[in-house]
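Colleague: I'd like to learn how to read a model like this one feature by feature. Could you take me through it, general idea first and then the case at hand?

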Amino acid sequence: MDEIKNALFSDAKNYLDITWDDEKTDEKLMSIVNRGCAKIIALTNCSIDDIANSPEHQSLFLDYCRLSWAGVPEKFDQFFKNDIVRLRLQKIAEGYEYYAE
């Protein structure tokens with residue numbers, strides 16, 4: 001899992017155009033990455049592997065990181081409600097497909 005979080009950390013750092021190396025910045029960003037993973041997993045009922053491998057989940061994760069970096073993580077649910085609901089329903093539908101087989 002640490003390997004996945006380190007990869008997500010690198011993706012977030014690139015996405016946010018953080019081009020400098022600074023220990024305090026890295027600590028803050030890793031905290032955002034950890035909260036972002038927990039948030040996306042809780043809201044969409046996905047796994048950390050989904051965040052790392054699914055473009056839709058990763059995009060939502062990076063959007064959380066962007067808003068959190070900007071200091072407004074509380075706006076995430078409001079701005080991305082439709083995406084959250086769509087991914088949640090997609091996960092539910094996958095469960096039905098599993099039971100139908």
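Colleague: Let's start with charges: which side chain does Lys13 meet in a salt bridge?

Modeller: The general idea is that side chains of opposite charge can pair when their charged atoms come close. The cut-off here is a side-chain nitrogen of Lys or Arg within 4 Å of a carboxyl oxygen of Asp or Glu. In this structure Lys13 pairs with Asp21, with 3.1 Å from N to O. Before we go on, this is a predicted model, where local features need pLDDT of at least 70, side-chain atom pairs count only at pLDDT 80 or more, and totals for chains, interfaces and linings use all residues. Residues are numbered from 1 along each chain as its sequence is written, and side-chain values use heavy atoms, leaving out hydrogens and water.

Colleague: Are Lys13 and Asp21 buried or exposed?

Modeller: Buried means under 20% relative accessible area, exposed over 50%, and partly exposed in between, using a 1.4 Å probe and protein chains only. Lys13 is buried at 11%, whereas Asp21 is exposed at 72%.

Colleague: How many salt bridges does the structure hold?

Modeller: There are eight. One of them joins Glu56 to Arg86 at 3.0 Å, N to O. Glu56 is in helix H4 (residues 55-69) and Arg86 in helix H6, so this pair ties together parts that are 30 residues apart in sequence. Helices here are DSSP runs (H or I, at least four residues; strands would be E, at least two), numbered from the N terminus. Both partners are partly exposed, Glu56 with 35% relative accessibility and Arg86 with 38%.

Colleague: And which residue does Asp63 pair with?

Modeller: Asp63 meets Arg66, at 3.2 Å from N to O. The two are three residues apart in helix H4, which means about one helical turn separates them. Asp63 is buried at 10%, and Arg66 is partly exposed at 35%. Elsewhere, salt bridges with shared partners join Lys13, Asp21 and Asp26 into one network.

Colleague: Now helix packing. At what angle do the axes of H1 and H4 cross?

Modeller: For helix H1 (residues 2-15) and H4, the axes come within 10 Å and cross at roughly 60 degrees. That makes H1 oblique to H4: under 35 degrees counts as roughly parallel, over 145 as roughly antiparallel, 65 to 115 as roughly perpendicular, and the rest as oblique. Contact, meaning heavy atoms within 4.5 Å, is made by Leu8, Asp11, Ala12 and Tyr15 of H1 and by H4 residues including Phe61, Asp63 and Cys65.

Colleague: What is the handedness where H2 passes H4?

Modeller: A crossing is left-handed if the near helix is turned anticlockwise from the far one by less than a right angle, and right-handed if clockwise. H2 passes H4 in a right-handed crossing, and H1 passes H4 in a right-handed crossing too. The axes of H2 and H4 come within 9 Å and cross at roughly 130 degrees, which makes H2 oblique to H4. Among the contact residues are Ile32, Cys37 and Ile40 of H2 and Leu60, Cys65 and Trp69 of H4.

Colleague: Last one, backbone torsions. What is the phi of Asp17?

Modeller: As background, most residues other than glycine have a negative phi. Asp17 has a positive phi of about 55 degrees although it is not a glycine. Asp17 sits in the loop between H1 and helix H2 (23-44) and is exposed at 57%. Asn45 also has a positive phi, near 60 degrees. Asn45 lies in the loop between H2 and helix H3 (48-53), exposed at 56%.

Terms used. Axes fitted to C-alpha atoms, helices over the stretch in contact; angles between N-to-C directions.
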